[in-house]
Number of protein chains: 2
Amino acid sequence: MSKDGKPKTKARGLDRAFAILDHLCQVGLPQRPIEIAEGMGAPKSSIYDLVALLLASNVLEKIDADGRVFLGPKLNFWSTNYRKHFDLGGIVRPILENVTARTRETSQFCTLDGDKYYVAMMNEGNRPFRISADVGERTPIPWTASGRLLISHLSDQEIIDLIPEEDFHLPDGSYLEPSSFIESVRKANADQFFDFDSIADNFTHCFAAPVYGLNNRCIYTLCIIAPQGDAEKNYDEYRSALVEAAEILSKKLTAQTSSMSEMAAE
Amino acid sequence: MSKDGKPKTKARGLDRAFAILDHLCQVGLPQRPIEIAEGMGAPKSSIYDLVALLLASNVLEKIDADGRVFLGPKLNFWSTNYRKHFDLGGIVRPILENVTARTRETSQFCTLDGDKYYVAMMNEGNRPFRISADVGERTPIPWTASGRLLISHLSDQEIIDLIPEEDFHLPDGSYLEPSSFIESVRKANADQFFDFDSIADNFTHCFAAPVYGLNNRCIYTLCIIAPQGDAEKNYDEYRSALVEAAEILSKKLTAQTSSMSEMAAE
DNA sequence: CAAATTGTTCCGGTATATCGGAATACATAT
DNA sequence: ATATGTATTCCGATATACCGGAACAATTTG
């Protein structure tokens with residue numbers, strides 16, 4: 001590290017490679033190596049190297065003749081194995097369907113990726129409307145109801161450290177005080193539930209219930225996105241549907257995980 | 001590189017990291033770093049390093065207090081994005097269900113990972129029985145009907161180079177001559193179809209039809225696993241059901257890919 | 001067709017990742 | 001407790017990956 005402000009340290013290939021994958025997720029479209037390098041602010045030659053390596057292992061895939069690449073089939077292979085063991089998909093899908101059947105609203109299965117929230121699975125309600133966040137799209141934690149639950153195991157300081165300053169600036173331009181955000185986190189944890197009028201639009205209401213994994217940490221949430229009128233009218237009904245579904249899911253998922261580690265321990 | 005037979009070259013972190021993921025897929029259970037190192041025949045200290053890095057980026061996940069790790073939630077995030085764009089899942093699932101509805105047999109969606117075949121999606125038939133290969137399990141290409149189609153774009157030499165010698169030894173102990181395997185590959189390609197009595201057991205029959213991607217390469221297959229009696233009785237019916245489904249799927253998937261690359265090109 | 005611009009490959013110096021082996025921590029048996 | 005065995009961390013030498021910049025190729029523009 002040099003004496004002035006520039007750390008000037010070489011980035012590790014692994015981290016850069018993963019950053020490429022994250023970058024492509026964010027862009028959501030195939031890109032050429034140079035676009036990736038510029039988009040990430042990374043050295044060109046390194047990105048060319050890494051893209052070639054990732055193509056060779058099929059972690060990236062060449063999409064067109066112009067050299068654009070995107071997430072590759074190897075990821076599908078790994079995730080097929082991941083999902084086989086935790087069986088997200090098989091377990092979660094019917095539960096979402098059940099929630100939507102009971103409430104007729106759009107239901108989602110959400111979790112964290114680093115310091116962001118994302119929707120891992122979605123089940124459209126009977127009268128679908130444009131949802132703020134699409135499947136797989138990373139969204140600032142404070143913008144979401146689920147976010148309150150997903151970080152409730154952290155201390156105040158850890159929360160402050162985790163969440164980037166800019167994520168407290170809500171999409172409507174207003175600023176959410178970290179302290180009042182943390183208050184809502186504590187309340188969500190106490191209630192094992194959180195709901196509020198969506199801050200991404202002004203006509204929907206979000207309900208979120210925690211799904212617990214090992215050592216009772218909330219690792220996923222189930223949530224419902226409903227028009228505010230419906231939400232008010234059916235509040236108790238929706239809330240209990242969601243909480244019950246989340247409890248069932250917690251049991252099923254922890255059963256999975258513990259049976260797997262027992263098998264590993266022979 | 002030393003003078004005797006030992007190349008003695010350091011492995012690149014990326015490749016080893018990916019090898020760790022592949023190894024865990026193969027084992028199918030959480031493992032401790034030392035088990036991974038020994039299972040892969042890799043240097044211990046390197047594996048400890050890499051496992052720590054992969055844990056930090058959530059590509060691996062700590063499963064129990066003994067330090068066992070397994071595929072992590074980051075893979076789920078990436079694959080959520082992968083699947084969102086290619087929408088395997090959304091497109092393939094109903095097609096498999098349709099095939100199974102028409103034939104009442106177990107249907108599968110298969111592809112390659114490196115020099116091995118695997119089942120990426122499965123739909124159990126109305127009277128399920130134990131299938132030879134589970135979802136996500138890597139199987140030698142020559143053991144499968146789909147394998148013939150998935151490599152049919154390769155030259156004879158490329159096929160020989162790709163497939164490890166030992167994969168021509170079938171599970172029943174017999175040896176399949178590469179030349180006669182290649183013959184069956186060429187026939188499969190000409191027929192755009194392949195079927196045979198399963199070589200993993202002696203009571204099922206496998207049908208496979210090609211799903212084509214860009215430049216008309218067979219990148220996936222649809223297949224049916226049926227009891228031999230049923231297979232014979234309903235041969236034409238099953239075959240056409242599968243071929244029709246595969247054609248529909250080819251169209252849908254290529255439409256996806258090309259629309260994506262058009263968007264990227266603005 | 002030349003010039004300018006943009007995209008890709010090549011190359012070499014140096015920061016650093018890999019890996020053998022030693023040191024240490026942990027677990028189990030004596 | 002002590003001994004024995006196993007798992008993990010630490011450490012340092014050196015092979016090599018990363019990256020700046022030059023060379024080269026492709027594409028667009030005048």
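**Figure 1. Side-chain directions along strand 7 of chain B in the predicted model.** From strand 7 of chain B, Thr204(B), Cys206(B), Ala208(B), Pro210(B) and Tyr212(B) point one way, while His205(B), Phe207(B), Ala209(B) and Val211(B) point the other way. The residues of both sets are all buried. In a regular strand, side chains alternate between the two faces of the sheet.

**Figure 2. Pairing of strand 6 and strand 7 of chain B.** Strand 6 of chain B, formed by residues 194–197, pairs with strand 7 of chain B in the antiparallel sense, over 4 bridges. One position in this pairing is given by Asp197(B), whose bridge partner in strand 7 of chain B is His205(B). His205(B) is also one of the buried residues of strand 7 of chain B. Between strand 6 and strand 7 of chain B, which form a hairpin, there are 6 residues.

**Figure 3. Pairing of strand 7 and strand 8 of chain B.** Strand 8 of chain B comprises residues 218–227 and runs antiparallel to strand 7 of chain B, to which 9 bridges join it. Within this pairing, Leu222(B) of strand 8 stands opposite Ala209(B). The two strands form a hairpin with 5 residues between them, and in this hairpin Asn215(B) adopts a positive phi near 35°.

**Figure 4. The protein surface near DNA strand C.** Both protein chains contribute to this surface: helix 3 (44–56) of chain A, helix 1 (13–27) of chain B and helix 3 (44–56) of chain B each supply at least two residues. By class, the surface has 7 charged, 5 polar and 4 nonpolar residues. Among the 16 residues around DNA strand C, those that come nearest are Thr9(A), Tyr48(A), Ala11(B), Gly13(B) and Ser46(B). Sugar or phosphate accounts for 61% of the atoms of DNA strand C within 4 Å of the protein, and bases for the rest.

**Figure 5. Polar atoms beside phosphate oxygens of DNA strand C.** Tyr48(A) places a polar side-chain atom 2.3 Å from a phosphate oxygen of the DNA strand. For Ala11(B), a backbone N or O atom lies 2.9 Å from a phosphate oxygen of DNA strand C. Gly13(B) likewise uses its backbone, with a polar atom 3.1 Å from a phosphate oxygen of DNA strand C.

**Figure 6. Domain division of chain A.** Domain 1 of chain A covers residues 13–73, and domain 2 covers residues 86–264. The C-alpha centres of these two domains of chain A lie 31 Å apart.

Notes. Residues numbered from 1 in each chain as written. Chains lettered and ligands numbered in written order. Predicted model: local features only at pLDDT ≥ 70, side-chain atom pairs only at ≥ 80, totals over all residues. Heavy atoms only, no water. Near = heavy atom within 4 Å. Polar contact = N/O pair within 3.5 Å; in protein donor to acceptor, adjacent residues only side chain to side chain. Nonpolar A, V, L, I, M, F, W, Y, C, P; charged D, E, K, R; others polar. Buried < 20%, exposed > 50% of the residue type's maximum accessible area, 1.4 Å probe, protein only. Pairing = 2+ DSSP bridges. Domains from an automatic or database assignment.
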